[in-house]
Number of protein chains: 2
Amino acid sequence: MTARSSGPGRVTLIDVATHVGMSRSAVSMALSDHPEIAARTKERVRTAARELDYVTNSAGRALRSQSAGSIALIVPDTGPLTFGHPYFMHLLVGVTEVCSGHDANVIISTNKDENSVAAYERVLRSRAADGAIVTVARVGDPHLSSLVDSGLPVVLMGRYPQFPDAVSVGIDDLSGARQVTEHLITEHQRRHLVHLGGPLGHQVTIERRKGFRQALTAAGLKPTKKVWTGDFSEESGRELTRQLLASGERFDAIFAANDEMAYGAIGVLQADGLAVPRDVSVVGFDDFGLARVTTPGITTVRIPAEELARAATERLFQLIGGVDPPERHLTLPLELIVRESCGCNG
Amino acid sequence: MTARSSGPGRVTLIDVATHVGMSRSAVSMALSDHPEIAARTKERVRTAARELDYVTNSAGRALRSQSAGSIALIVPDTGPLTFGHPYFMHLLVGVTEVCSGHDANVIISTNKDENSVAAYERVLRSRAADGAIVTVARVGDPHLSSLVDSGLPVVLMGRYPQFPDAVSVGIDDLSGARQVTEHLITEHQRRHLVHLGGPLGHQVTIERRKGFRQALTAAGLKPTKKVWTGDFSEESGRELTRQLLASGERFDAIFAANDEMAYGAIGVLQADGLAVPRDVSVVGFDDFGLARVTTPGITTVRIPAEELARAATERLFQLIGGVDPPERHLTLPLELIVRESCGCNG
DNA sequence: CGGGATCCCTGAATCGATTCAGGGATTCGG
DNA sequence: CCGAATCCCTGAATCGATTCAGGGATCCCG
């Protein structure tokens, strides 16, 4: 049983120093294994520290050493891609894993009020965190721009062509979208494909649409006239599909910008008497969990979110340590996950 | 456009003080709206601070004011109920919501290595966080015990009979389990019910089993001999169901300890040629997302996770502020969510 | 036994913000 | 016109840990 102070967390370096009859500088050096402290002394100090249940005060350390010992994970708090989304769970798992290896804490910072000074900027400027991982940001976000320019250690998740010098970790949305679209064309002979896109202002929306178009063009098909724009929510998948049905446009396959929209689409199609995949193939993007458990299972493109997060966090620690990562942009491979909603595994 | 310092975050109180030609104490007081500073001075100081892009250094403030301005959310990192689970997403949403209202940061702390000094204890002892919310803990966890005894501000999520004095926020698992079991008995005339339980060592496992038994007893049915123990994972739901089928025991309904186990069970039953809910009713617990999207949809008991988190966080801030919540234990109501897997809505 | 090298530790400064006793300047009452 | 009250601000101490120049003690060698 360890000793317990009456006031919580009240044991300081001085208490330990008094206990062993030394200066607090010596104690500090002993605990950090400084070479100019005798081995026997170190042992004595460590024992005393353990007995007194000493824990370094993080504010004191942070103030003196000018480093907080924590990083911020910045997550949006507006729109449907808020951090109730499983994507962030996966990211969080990866981030914390790497952080615990670096003895760092993770601070969750939400990017809530778009008009005020962004909360996440304060977190960094106040030095509550040594660096930040930005998970989702709109293409023209002015705060992001100022954050990137500020020179503070920041790693972006995703592709940000407007910040060629920022360090980022992402996936090749374009190629993923192309692959899954090609799958519909070549494996299932679909010829009338519709893409239900994500929200405007996000790079992934642009890329996935582009990949979709490239696949069509390569196969000699022409893209539909109308551009369908959703917001990544299941409800927007439903809404767009209802509009699609109402429009009278002929289609035999839907590529939704993510799995939730695909799921919404499937529901509406079935309610309309159309069978998936018999009458219409439906595919999505993400594979964060939903696509696996629905009936039919949704064919999709798996984003290695946890791995992305690990890579981003490693890079952030490099940046914090003053090392510039060799390549500024890292792109992780995607995987086509074939289930039933496209027409396979029937 | 605000001014930008060359070194990041390098503007201190002294810089602002120099700029307005005053002492840094006055500046500090002006910025915190101290009554003994002239209104005009305050305005001048605030303007200067804005111009210089001054942000209070959190370590300096934390050191002096003896409060970190952040709370820790402690999440387990062992077993299947790790924080990749949607439960924690919901909690996180509620916690951050309340925290942003209190201008506090959220630190995620994982409870990884069971043998070493718990990481989360360090977070509190080092005063990196002013208090903590413990989301899941095993019944006999010695670290939890020492944490609760330490007198640091801690709120537990769930029921912890072994800590009658600890502040906690939870649900009535027993009654929820009883309700859903009664539903199977009275609405669907099931007579041979099996409960696939959660992991031993967790209070919820005990309570849900008890509720199940109470419902059986009240209906004059006798519980099955064997106690089925899983670990909340889909795989354990599958495994237990396979064993159940192999055992030859007669059953017409399964109450799984959570939705994931229920989902696993449904898969195995269907693979065995049994129809759900026609041949076997299956119900779960949680309703964190999965139960809604499966086919059939899983009848379950909804845990108001976000609301739990909000309540817990409010209470934690009370504790930190020195206010003892009137009742130490808060229990939020559960809701029976009827879908198809029990036999309703067919 | 003396001088230099070596080993280990001490004292003081520092990180940035906050608080509070104290006091200079102004105002007010008589 | 003087003393007291009032208003605002300054200076110094403090929170806890870290770093580094400096120096006392010990040891080694000639």
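In chain B of this predicted model, helices α5(B) and α13(B) cross with a right-handed sense. Their contact draws on residues from both helices, including H90(B) of α5(B) and R310(B) of α13(B).

**The α5(B)–α13(B) crossing**

- Helix α5 of chain B covers residues 86–101, and helix α13 of chain B covers residues 305–320.
- Their axes come within 7 Å and cross at roughly 40°.

**Residues at the contact**

- From α5(B), the contact takes in Y87(B), H90(B), L91(B), V93(B), G94(B), V95(B), E97(B), V98(B) and C99(B).
- From α13(B), the partners are A305(B), E306(B), E307(B), L308(B), A309(B), R310(B), T313(B) and E314(B).
- By class, the contact residues are nine nonpolar, three polar and five charged.

**Chain A: fold and dimensions**

- The C-alpha trace of chain A spans about 85 × 45 × 35 Å along its principal axes.

**Chain A: burial and contacts**

- Buried residues make up 47% of the 346 in chain A.
- Among chain A contacts with a separation of 6 or more, 70% join residues 24 or more positions apart.

Note on methods: Residues numbered from 1 in each chain as written. Chains lettered and ligands numbered in written order. Predicted model: local features only at pLDDT ≥ 70, side-chain atom pairs only at ≥ 80, totals over all residues. Buried ≥ 20, exposed ≤ 12 C-beta atoms within 10 Å, placed from the backbone. Contact = placed C-beta atoms within 7 Å. Axes fitted to C-alpha atoms, helices over the stretch in contact; angles between N-to-C directions. Helix = DSSP H or I, 4+ residues; strand = E, 2+ residues; numbered from the N terminus. Left-handed = near helix turned anticlockwise from the far one by under 90°. Nonpolar A, V, L, I, M, F, W, Y, C, P; charged D, E, K, R; others polar.
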